[in-house]
Amino acid sequence: MSNYFNTLPLREQLNQLGVCDFMDSSEFLDGVNALKGKKLVVVGCGAQGLNQGLNLRDSGLNVAYALRKEAIEGKRDSWKNATENNFTVGTYEELIPTADVVINLTPDKQHTAVVNAVMPLMKQGATLSYSHGFNIVEEGMQVRKDLTVIMVAPKCPGSEVRAEYLRGFGVPTLIAVHPENDPEGKGLAQAKAYCVGTGGHKAGVLNSSFVAEVKSDLMGEQTILCGLLQTGSILSFDKMIEKGIDAGYASKLVQYGVEVITEALKHGGVTGMMDRLSNPAKIKAFEISEELKNIMRPLFEKHQDDIMSGEFSRTMMADWAAGDKNLLAWRAATGETAFEKTPAGNVKIGEQEYFDNALLMVAFVRAGVELAFETMVEAGIKPESAYYESLHETPLIANTIARKKLFEMNRVISDTAEYGCYLFDHACKPLLADFMRSVDADLIGKNYNEGKDGSVDNRTLIAVNEVIRTHPVEVIGAKLRKAMTAMKSIKTA
Amino acid sequence: MSQPVVHISKLNLKYHHTVVFQDLDWVIQPNQNWLLCGTSGSGKTSLAKAIAGLSNTDGTLDLHFDPASTRPALAYYVANWYQFKDLEGQSNFYYQQRYNSQAEQTVATVQAELESFGKAQGLQFIEALRIAEALAYTELLPSSMIELSSGEHKKLQLVKAVWLAPQLLILDQPYNGLDTLSRKRLNTLLEEISVKGTQLILISNDAELPAVIDRVAEIREGKIQEVTFEQRSRNEMAHSGKAVPSFLKTAPAGTAPEHIIKMIDVNIRYGEKQVLKDINWEVKPGEKWLLQGHNGSGKSTLLSLICGDHPQAYANNYYLFGNKRGSGESIWEIKQRIGLISPELHWYFDPTATVWQSIASGFYDSSGLFCDPGATKKAQTDQVLDYFGLQEYKNVLMTELPLGKQRLALLARTVIKNPQLLILDEPCQGLDQQQTQHFNQLVDELSSHGTTLIYVGHFESQLPACIEKRILLENGWVKSVETILESA
C-alpha cells in the first residue's frame, strides 16, 4: 500500500483538501431513513464503539457487534460492553457477511488488519465506515470497488457522544465520502443518516473529505491541541519552581488553568480569552504571543510539511513496526516530569486568578491556536476545517489535563496523536529555551497587575485589539459558533 | 450558664446578587433540636450551609462545642441533593448512565465508599453495619454507586450522617425519596443519636418528624422568628390559581392503541442481581395507576423501560403505544408521547437553562432547549409559565433557583405537550403539602381528558384523587395488582 494522497495529482490534492461545507440543518430532514432496516455491524466495542452503537440503536437502527474470536472467547471488556447492553455479538465470519454497513471503530493502528479481515467477508455493494481517515489516506488502503466508503467522526470522546444524545442534543461531527469508493452515489445520504442516528446533526456537521480530515486532524493534535499544551504546561510549571513559587500552587495553576483559560476560548474565541486580562496584561500577553509565534512558526511549518508529504506517517508507522519503541519511551519520560509528579496543592485559586497569574499560558494558547490555524490554511486546508482542528478542540483536550494532567491527556487521545505530541514537544522545548530565560514570575505564578496602576496608551490598546479581533480564526470562529449556538442556545446563555 | 452552641448575630448573605439575609440573629442553646422553616427561596439551605461553614457570610457566626462530649465537635450538613464522585474524583455523570453497562468500572462500591468515609472520620465500621441494617440498606453494600436510585443515594448520605453523629447535625430535606418505613426508621435513629448528644437542625416539609424536635424557627424576610408548628407560613400555591390553559383541557393527540403498555414476562438482571422478575403488566388508555414499592423494589427500572432509557429494553418482550419495543422505533418517538418527571430527570437537568427554556424543552424531551420552538409553542410556554406562577423567574437560570422552584418549572415542563402518558415519579419532592395538593388537582384535571397516568408516591395522603389502580412491587416482583377505584 502506498500513501493515497501522494498518488494524487496536485490539482486533485488541492481539490480534496478543499472539501469543506458547514451543513444546514435542512440537509437532515430525511432522518435515519437511508439506514432504516439496514443491518449495521460495528467492529470494536470500546468507548466510541459502544456509545455510538447505543445511540444508533436508540434511534431505531439495527446494530450488532463483530469482535475477534479471542475477544469473545476471552470475554474481554469489548465483549462485556456489547453483551451486557443486549447487543447481538458474533465473530467477523458470523456477522460481516450479513452487514449492509460495517462500522470500523477500532484504534487507528489496527485498521489495516481489521479492514483486510472484514473486506473479503463483506457483501456486494455494502458500506464501510470509518471515524478517522488515516488508514485510507496515509496507509493507502485500497477498498473493493463495489463497496462504499464513508466517514462519520464525532468530535468528542465516546462518553460525551452518549451523554449529549440522551440530553436530546449531540456533538459536532465531521462526515465524508471517499471519492474512490462511492459506486452507487449513496455515501453522503448514508453518512448523513448515521449522523442523525448519533445525534450529531443537532450540533453542527461539517461535510469534509478523508484527505482534509486527516491532514488537518494530524496537524491540530500534534501542535496546538496536545503538543503545545504539553510544552506550555511543563515550561510554565518549571519556571514557577525556578522562581520559588509553591510547588502545589504551581501544579494546580497549570493543571486547572489550561481548562479555565480555554473555557473562555470556547465561548468567545481568542478575543474572549484575551479580554479576560486587564488592559496592561492583554498588551503584554499580545507582545509575548507575537514573539512566541515568531519563534515557533518554523516548527509548525515543519509539522505541516511532514504531514503533507507523508513523512510523519512514514516515521510513525516505522515505530509501530518496531513495537512502539519510541512511543513507549516518550510516554514513560512524560510520566517522570516534575509537573506530572507534583500533586495539585490544596489551595483555592479563584477563576480570575487563573488568568491574572498565568499570563504566559494565555500567550501560549493564543500563539498556538493562531499558528496552527494559519499554517493549515496556508497549506490549502479550508478555514472551517482548520477552526475545528485548532480552536474548537483545544478546550476539550484542556479538560483532560484538568482531570489527570498529561498522563490523562495522552491516555485519552489516540496513539497517533500521542506520538505526534511528543515529537512536537521534544522539538519545541529547546526552541523556546532562550525565550524562557527572559520570563519572570510576573508572567507565570504571580499577578501581572500587581504594583501597576492599570493605565495604557489608547493607541497601543486599539491596535492590539484590532489585530486580535480581525484574525481569520476569529472571523470564521464567530460564524461557526453562531451556527452552533443557534441550536444550542443555552450553552452561551 | 453554658454557652450557646450556635450564636449568630448580624449575619448577611447574598445569593447570586440577591440579598438573602440582612442582620439575621439566631441562638441555639445546648439540647435544643430545631425545625427550620420558611417558604421556598427564603434561605433555609443557605443558612444551613453557613452554619456548617460551607459558605462565606459576613457577620458573627460562632459555634461552641462541648469539650466533654464524646461526639465529634463539628456541624455536619447533609445536603438535599446527593453528590458522588468516581474513583478519579469526577462527578460528571449523565442522565440514566446507571443503566448503560460499561466494563471499565471507575465508580466505587457503596461498601468502599463507607469504608473510606469511616476511615477519614475515625469511625468503627461495625456501627455503620448496624445503621445500614436499620435502614434496610445492607443488601446494597456491594453495589456500585452509579447503580443506586435516588432514594438509595439519600439513604447512603443518612447512614454516613447517623454514623458520624456529630454534636450538631443539619439535615436538609432528609425524607426526599424515602419510603414510609424508611422514614420511620430514620426518625428512630435520629432520636437515638439525639439522646447521645447530637443536636438536630432539620429542614423538612414533612409532617412526621422525630419526636425530639421541639423548637421551630422560620426565616421571614431575611430574619429568624421562633414560631409554633401551627404558625408556619405556607408556600404560595403550586400554581397561580388561574384557569388551566385551554390547550391542556383537550384529549391528548395521537391514536389510542389497545394498550399503552403491555409487558410480557419482563426480566432485568445485572450479572447475578435480578432487578425485575417476570413482570406482566397491562396499562390501557386512560387508566390512572399508582406504582408503589419500597426503595430498591424496581420502580425506577420499570419506568426506565417505558421511557426508552434502558438498554435491556431490547432483550425484553413488551409493547408501548401498540408497538413492540425494539422494532425500529427511536426512543424520541416514544418520549414524544410521554410527559415524565423523576428525581433523576431533575438531578441531571441542564442547570444553565432558564426557567422558560426548561419548560419549553418539554416539547422536545431534551434537557435544555436546543432549537427555536416557533410561535405556537412559545405562546403555550408563556401560558404554562403563567399558570405555574413562574412569571417573575422567566429568564432566571435553573441553577440560581431553590430546588422547590426548579421543581415547579420541571412540573410545568412535564405537562406542556399534553402527553398521552404522564409518568410522575415522586413529582412533588421538595414541595410542601399544600403545593402537592394543588399539583395533584391539576393532574386530576388533565387526566379527566383521557390522559393515562402512572404515579409514584410513597404517601397515601398525598395522591391525586383520580388514581384507580395500584401495582405494588417487591424485590422486583409484582406483589399485587388491584383496583382501588372503579372508574365511572
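Me: Is Ala48(B) buried or exposed?
Reply: In this predicted model, Ala48(B) counts as buried, because 23 C-beta neighbours lie inside 10 Å and the cut-off for a buried residue is 20 or more.

Me: Where is Ala48(B) placed, and what is Ala48(B) in contact with once neighbours within four places in sequence are left aside?
Reply: Ala48(B) is in helix α1 of chain B, which covers residues 44-51. Leaving aside neighbours within four places in sequence, the contacts of Ala48(B) are Leu36(B), Tyr77(B), Ile170(B), Asp172(B), Ile201(B) and Ile203(B).

Me: And what separates the C-alpha atoms of Ala48(B) and His7(B)?
Reply: The separation between those two C-alpha atoms is 13 Å, for residues that are 41 residues apart along the chain.

Me: Switching to the interface, how many residues of chain B are in contact with chain A?
Reply: On the chain B side there are 32 residues in contact, and they meet 27 residues of chain A. The chain B side that touches chain A is made up, by class, of 12 nonpolar, 15 polar and 5 charged residues.

Me: Ok, chain A now. Which residue does UniProt list for "active site"?
Reply: The UniProt record, an unreviewed entry, lists His132(A) under "active site". His132(A) is placed in the loop between β6 (127-130) and α8 (134-137) of chain A.

Me: Buried or exposed, that His132(A)?
Reply: His132(A) is buried, since 23 other C-beta atoms lie within 10 Å. If its neighbours within four places in sequence are left aside, His132(A) is in contact with Asp108(A) and Ala153(A).

Me: What about "binding site", which residues are listed there?
Reply: For "binding site" the unreviewed UniProt entry gives Asp217(A) and Glu221(A). Asp217(A) is found in helix α11 of chain A, residues 210-242, and Glu221(A) is found in helix α11 of chain A as well.

Me: Why does Asp217(A) count as buried, and Glu221(A) too?
Reply: Asp217(A) counts as buried because it has 26 C-beta neighbours inside 10 Å, and Glu221(A) is buried with 24 other C-beta atoms within 10 Å. Apart from neighbours within four places in sequence, Glu221(A) is in contact with Cys226(A), Ile413(A), Ala417(A), Gly420(A) and Cys421(A).

Me: Which residues does the KARI N-terminal Rossmann domain annotation cover?
Reply: According to the unreviewed UniProt entry, "domain: KARI N-terminal Rossmann" covers residues 17-208 of chain A. The end C-alpha atoms of that span lie 8 Å apart, and the span is 33% helix and 20% strand.

Me: How do α13(A) and α18(A) pack?
Reply: Helix α13 (residues 279-309) and helix α18 (residues 359-378), both of chain A, pack at an angle of about 40° with their axes 7 Å apart. The two helices are therefore oblique to each other, and their crossing is right-handed.

Me: Which residues make that contact, and how do they divide by class?
Reply: Among them are Ala285(A), Ile288(A), Leu292(A), Met296(A) and Phe300(A) of α13(A), together with Val362(A), Arg366(A), Glu370(A) and Leu371(A) of α18(A). The residues of the contact divide into 14 nonpolar, 3 polar and 6 charged.

Technical notes
Residues numbered from 1 in each chain as written. Chains lettered and ligands numbered in written order. Predicted model: local features only at pLDDT ≥ 70, side-chain atom pairs only at ≥ 80, totals over all residues. UniProt positions renumbered as here; feature names shortened; annotations may be inferred. Contact = placed C-beta atoms within 7 Å. Nonpolar A, V, L, I, M, F, W, Y, C, P; charged D, E, K, R; others polar. Axes fitted to C-alpha atoms, helices over the stretch in contact; angles between N-to-C directions. Parallel < 35°, antiparallel > 145°, perpendicular 65-115°, else oblique. Left-handed = near helix turned anticlockwise from the far one by under 90°. Buried ≥ 20, exposed ≤ 12 C-beta atoms within 10 Å, placed from the backbone.
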